[in-house]
Amino acid sequence: MLGMLFNEKECKELDYVLRRELDEMLLDLGDKRLDQDIRQVIAKRYKTVFTMYARVAPPKELSKYARNSKFPQLKY
């Protein structure tokens, strides 16, 4: 396990960067032109970044980025 200390400004910046990355990956996951294998890799990375975001974001913000893994996403 790796620990890091951030001041308030750095926490806000990390929050911003992670949100932008999650938004980009959501767009990519919705792109029907991408191969299914590529979208699976993006989905795996999304889960990792979402876990990181969950450590700094308030619960209300998390609901905007939560994906339902119980039901598989539609395959195009």
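Modeller: Arg45 counts as partly exposed, because its relative accessibility is 44%; on this scale buried is under 20% relative accessible area, exposed is over 50%, and partly exposed lies in between, with a 1.4 Å probe and protein chains only. Before going on: this is a predicted model, so local features need pLDDT of at least 70 and side-chain atom pairs count only at pLDDT 80 or more, while totals for chains, interfaces and linings use all residues. Residues are numbered from 1 along each chain as its sequence is written, and side-chain values use heavy atoms, with hydrogens and water left out.

Back to Arg45: its side chain meets that of Glu21 in a salt bridge, 2.6 Å from N to O. That pair ties together distant parts of the chain, with Arg45 in helix H2 and Glu21 in helix H1, 24 residues apart. Helices here are DSSP runs of H or I, at least four residues, numbered from the N terminus. A salt bridge means a side-chain nitrogen of Lys or Arg within 4 Å of a carboxyl oxygen of Asp or Glu, and by that rule there are 5 of them. Glu21, at 28% relative accessibility, counts as partly exposed too.

With 17% relative accessibility, Asp15 counts as buried.

So what does the rest of H1 look like? H1 covers residues 8–29, 22 residues that should span 32 Å at 1.5 Å a residue, and its end C-alpha atoms are 31 Å apart, which agrees; the expected span is 1.5 Å times one less than the number of residues. Asn7 caps the N-terminal end, with a side-chain oxygen 3.1 Å from the backbone nitrogen of Lys9.

Besides Asp15, the buried residues of H1 are Leu18, Leu22, Met25 and Leu29. Looking down the axis, the buried residues of H1 fall within an arc of 100 degrees, so they line one face of the helix; the arc is taken from the directions from the helix axis to the C-beta atoms. An α-helix has 3.6 residues a turn, so residues three or four places apart point the same way. Turned away from the buried side of H1 are the exposed residues Lys9, Lys12 and Leu27.

What do the buried residues of H1 pack against? Helix H2 (36–54) and helix H3 (59–65), where contact means heavy atoms within 4.5 Å. Leu18, Leu22, Met25 and Leu29 belong to the largest nonpolar core, 11 residues in all, together with Ile42, Tyr46, Val49, Tyr53, Ala57, Leu62 and Tyr65. H1, H2 and H3 each supply at least two residues of that core. The term stands for a set of buried Ala, Val, Leu, Ile, Met, Phe, Trp, Tyr and Cys residues joined through side-chain atoms within 4.5 Å.

Tyr46 touches Leu22, Met25, Leu26, Tyr65 and Arg67, leaving aside residues up to four places away in sequence.

Methods
Polar contact = N/O pair within 3.5 Å; in protein donor to acceptor, adjacent residues only side chain to side chain.
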